[in-house]
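Welcome! Take a moment to turn the model around on your screen, and then let us walk through it together.

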Amino acid sequence: MIVSIQVAPSILNADFAQLRLEVEKVETADWLHLDIMDGHFVPNLSFGPAVAEALRAHSKLPFEAHLMVENQENYIAPFAEAGVSRVIVHPEATVHLHRLVQSIKDSGLEAGVALNPATPLNSLDLVLPDLSIVLLMTVNPGFGGQRLIRGVLPKIEKLRKVVAEADLNCRIGVDGGINGETAPEVIAAGADFLVAGTYLFKNKQDPAQIIANLKRLGNEDED
Ligand code: DX5
Ligand code: ZN
């Protein structure tokens, strides 16, 4: 079976002293993944809309903001203005997921939902048809460079069935611990969108080559 695999470099572990050059190295990817952390929802701080806006002029890729913050509703407009095309939110950080997804769409952006490893798929009830991606966290969010939690693999398989049965046009993304060893496993389970940080930016190999290799995994016959 041939599956189109999309790759989204996460710049969290890129060299922040030369972010523009780092972003230029991954132009052959499909999306640029921006990890937004507030030190409350996750125990780390990263960057905000100003960085997205500064990079916007230096990349042709669409940007997605993965919000790992409290009060997510406050950041939709600033990221829309900064030029991102998609905002991905966490249900664990809101009691109004449906409202949040609607306001992302009302802002003219694509909406995505990210689920922590321990969050069940039924959190997606009601919003799934509105999403262009579900991002299954394969690490507990907060830091780059963690090891993939293999217990999430059955969740990927289950979501693949749900998306296929409902005939939805929704990518199944994985985020955290993706590398040459784990990518084939998550793709076999049904993922078609790979966020990768450390593997792309802390590697001696050319990022463009790694991206090409990851995308090629979708062309391999698994049957
Ligand atoms: C985790 C973030 C990531 C992650 C990816 O909190 O959402 O996008 O840093 O980085 P690697 O590929 O290093 O796990
Ligand atoms: Zn992320």
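D167 counts as exposed, because its relative accessibility is 69% and exposed means over 50%. Please keep in mind that this is a predicted model. You will find D167 in the loop that runs between α5 (153-165) and β7 (171-175). Its backbone is worth a look too: D167 has a positive phi of about 55°, although it is not a glycine.

Now move to N71, in the loop between β3 and α3 (76-82). Here again is a residue that is not a glycine but has a positive phi, of about 55°. With a relative accessibility of 44%, N71 counts as partly exposed.

Next, let us turn to the ligand. Where does ligand 1 sit? Its place is the largest pocket. There are 20 residues around ligand 1, and those that come nearest are D35, G142, G145, D175 and T198. Sorted by class, this shell holds eight nonpolar, ten polar and two charged residues. At least two shell residues are supplied by each of β2 (32-37), β3 (63-68) and β8 (193-196), and β2 gives the largest share, with three residues.

Some contacts can be followed atom by atom. A backbone N or O atom of G142 lies 2.7 Å from an oxygen atom of ligand 1. From the side chains, D35 places a polar atom 2.8 Å from a ligand 1 oxygen, while for H66 a polar side-chain atom lies 3.3 Å from an oxygen atom of ligand 1. Taken alone, ligand 1 exposes 380 Å², and the protein buries 99% of that.

Technical notes
Residues numbered from 1 in each chain as written. Chains lettered and ligands numbered in written order. Predicted model: local features only at pLDDT ≥ 70, side-chain atom pairs only at ≥ 80, totals over all residues. Heavy atoms only, no water. Near = heavy atom within 4 Å. Polar contact = N/O pair within 3.5 Å; in protein donor to acceptor, adjacent residues only side chain to side chain. Areas by Shrake-Rupley, 256 points an atom, 1.4 Å probe, with all protein chains shown as cover. 1 Å grid on protein atoms, 1.4 Å probe; cavity = no way out; pocket = protein on both sides within 12 Å on 5 of 7 lines; lining within 4 Å. Sits in = over half its atoms within 2 Å of the grid points. Helix = DSSP H or I, 4+ residues; strand = E, 2+ residues; numbered from the N terminus. Nonpolar A, V, L, I, M, F, W, Y, C, P; charged D, E, K, R; others polar. Buried < 20%, exposed > 50% of the residue type's maximum accessible area, 1.4 Å probe, protein only.
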